[in-house]
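Here are some friendly notes to read with the model open beside you. Take the points in order, and find each residue on screen as you go.

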Amino acid sequence: LRDEDSKFERLREVSSSFLHDHPGEKIVLFTTFRTTARYLVERLNAIGLPAILLLGGMQQPKQEVIDEFARSRTVRFLISTEVASEGVDLQFCRVLVNYDLPWNPQRVEQRIGRCHRYGQKYDVVVVNFLNKENEADQLHFPPADA
């Protein structure tokens with residue numbers, strides 16, 4: 001996967017460009033799977049895009065990880081599973097990436113709600129990474145003449 005991971009390459013391209021143009025910004029990235037979260041943190045750190053990991057069951061409390069991310073001048077990404085989709089305030093971020101989409105659209109709304117909070121100064125940008133080859137990720141609309 002590391003040799004031909006087009007989804008990660010697209011994430012790298014988009015985020016590198018965005019962070020170059022907006023050096024003070026941070027990005028929250030959600031994924032459903034713990035293995036994917038660990039993989040992304042490892043890959044991002046390896047290419048010089050500092051990332052921190054937030055998973056359920058970590059020894060460090062969830063809020064400490066979030067506070068560390070918020071305070072850090074170097075860490076650009078918070079990579080998290082659903083553990084950060086409820087009960088946390090990430091309004092200091094305005095970019096949220098759904099690396100994969102959960103089946104339940106309410107879970108997507110909960111993720112977005114972590115950044116899109118009362119007092120948010122900027123519109124929240126939501127990026128959904130879809131796999132065009134995966135039937136579940138494709139949007140199907142009826143033909144215009146139907």
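1. Let's start with a charged residue. Glutamate 25 counts as buried because its relative accessibility is 17%; buried means under 20% relative accessible area, exposed over 50%, and partly exposed in between, with a 1.4 Å probe and protein chains only. Glutamate 25 sits in the loop between H1 and E1. Helices (H or I, at least four residues) and strands (E, at least two) are DSSP runs, numbered from the N terminus. What is glutamate 25 in contact with, leaving aside its neighbours within four places in sequence? Its partners are Phe18, Leu19, Arg76 and Arg94, where contact means heavy atoms within 4.5 Å.

2. A word on where this comes from. The model is predicted, so local features need pLDDT of at least 70 and side-chain atom pairs count only at pLDDT 80 or more, while totals for chains, interfaces and linings use all residues. Residues are numbered from 1 along each chain as its sequence is written, and side-chain values use heavy atoms, with hydrogens and water left out.

3. Now step back to the whole protein. It has four helices and five strands, and reading along the sequence gives the pattern α-β-α-β-α-β-β-α-β. Of its 146 residues, 42% count as buried. Take the contacts between residues at least 6 apart in sequence: 74% of them join residues at least 24 apart. The protein exposes about 9,000 Å², and carbon and sulfur atoms supply 51% of that; accessible areas come from the Shrake-Rupley method with a 1.4 Å probe, and for residues only the protein chains shown count as cover.

4. Next, look inside. A nonpolar core is a set of buried Ala, Val, Leu, Ile, Met, Phe, Trp, Tyr and Cys residues joined through side-chain atoms within 4.5 Å. The largest one has 20 residues, and Leu11, Leu40, Leu44, Phe77 and Ile79 touch the most other members. Two or more residues each come from helix H1 (6-21), strand E1 (27-30), helix H2 (34-46), strand E2 (51-54), strand E3 (77-80) and strand E4 (95-98). Which element gives the largest share of this core? It is H2, with five residues.

5. Apart from neighbours within four places in sequence, leucine 40 is in contact with Phe8, Leu11, Leu29, Ile79 and Tyr99. There is also a second, separate core of 13 residues, including Phe30, Leu54, Val75 and Val88.

6. H1 has 16 residues and reaches 23 Å from its first C-alpha to its last, close to the 22 Å expected at 1.5 Å a residue; the expected span is 1.5 Å times one less than the number of residues. Its buried residues are Phe8, Leu11, Ser15, Phe18 and Leu19. They cover an arc of only 105° around the axis, so they lie on the same side of H1; the arc is that of the directions from the helix axis to the C-beta atoms. On the other side of H1, Ser6, His20 and Asp21 are exposed. The cover over the buried residues of H1 includes E1, H2, E3 and E4.

7. How many salt bridges does the structure hold? There are three, a salt bridge being a side-chain nitrogen of Lys or Arg within 4 Å of a carboxyl oxygen of Asp or Glu. Glutamate 9 pairs with arginine 12, their closest N and O atoms being 2.9 Å apart. These two are three residues apart in helix H1, so about one helical turn separates them. Glutamate 13 pairs with arginine 10, with 3.2 Å between the closest N and O atoms, and both of these lie in helix H1, three residues apart. As background, an α-helix has 3.6 residues a turn, so residues three or four places apart point the same way.

8. Finally, glutamate 9 also forms a salt bridge with arginine 43 (3.9 Å, N to O). This pair links distant parts of the chain, with glutamate 9 in helix H1 and arginine 43 in helix H2, 34 residues apart. Is arginine 43 buried or exposed? Arginine 43 counts as buried because its relative accessibility is 12%, whereas glutamate 9, at 30%, counts as partly exposed. Arginine 12 is partly exposed too, at 28% relative accessibility. Glu9, Arg12 and Arg43 are linked in a network of salt bridges.
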